[in-house]
Amino acid sequence: METKNVVILGASDKSDRYSFKALKMLIEKGHSVFPVNPTIESINGVTVYKSILDIDQKIHTVTIYMRPQRWSMYLQEIIRLKPVRVICNPGTESSELEKELSDNGIECIEACTLVLLRSNRF
């Protein structure tokens with residue numbers, strides 16, 4: 001399996017949150033994670049970035065864990081980052097935002113990162 005650089009937009013340090021579970025599982029599967037949340041310094045020893053623009057690595061996937069109204073503020077940063085794909089986890093979907101990503105050559109899928117990882121389809 002190919003390992004990927006993955007941004008977790010809306011990362012949380014609360015163990016009951018899906019973004020926290022995704023971070024743990026991504027690491028377990030060998031992926032490099034770049035959590036983004038302006039209010040957290042680190043999660044389980046992993047540095048958390050204040051902004052997508054602070055990441056200086058080529059990113060394959062952005063997985064989103066925030067409402068469309070919130071992640072719309074990050075749309076232009078995601079486009080500048082030029083990931084191969086964006087995963088809109090359940091509750092984060094927005095046809096407008098997904099179209100904007102698609103129009104900029106970024107694949108956008110509606111899926112659950114945890115399910116993709118568990119089924120080896122990530």
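Biologist: How do the residues that line the largest pocket divide into nonpolar, polar and charged?

Modeller: This is a predicted model, in which local features need pLDDT of at least 70 and side-chain atom pairs count only at pLDDT 80 or more, while totals for chains, interfaces and linings use all residues. Residues are numbered from 1 along each chain as its sequence is written, and side-chain values use heavy atoms, with hydrogens and water left out. With Ala, Val, Leu, Ile, Met, Phe, Trp, Tyr, Cys and Pro as nonpolar, Asp, Glu, Lys and Arg as charged, and the others, Gly among them, as polar, the lining divides into 12 nonpolar, eight polar and five charged.

Biologist: Which lining residues lie nearest the centre of the largest pocket?

Modeller: A pocket is an open set of points on a 1 Å grid over the protein atoms alone, where a 1.4 Å probe fits, with protein on both sides within 12 Å along at least five of seven lines; lining residues have an atom within 4 Å of a point. Of the 25 residues lining the largest pocket, those nearest its centre are Gly10, Arg17, Ser19, Tyr65 and Met66.

Biologist: In what order do the five strands of the open sheet lie?

Modeller: Strands are DSSP runs of E, at least two residues long, numbered from the N terminus, and two of them pair if DSSP finds at least two bridges between them. The pairing in this open sheet is parallel, and its five strands have the order 2-1-5-6-7.

Biologist: Which residue of strand 7 is the bridge partner of valine 86?

Modeller: Strand 6 (residues 85–88) runs parallel to strand 7, and four bridges join them. In strand 7, the partner of valine 86 is cysteine 108.

Biologist: How far apart are the closest N and O atoms of aspartate 103 and lysine 99?

Modeller: Both residues belong to helix 4 (residues 95–103; helices are H or I runs of at least four residues), and because they are four residues apart there, about one helical turn separates them. Aspartate 103 is exposed at 52% relative accessibility, exposed being over 50%, buried under 20% and partly exposed in between (1.4 Å probe, protein chains only). The two form a salt bridge, a side-chain nitrogen of Lys or Arg within 4 Å of a carboxyl oxygen of Asp or Glu, and the closest atoms are 2.7 Å apart.

Biologist: Which residue meets glutamate 41 in a salt bridge?

Modeller: Glutamate 41 is exposed, at 62% relative accessible area, whereas lysine 50 is partly exposed, at 35%. Their side chains meet at 3.1 Å, N to O, and the partner of glutamate 41 is therefore lysine 50.
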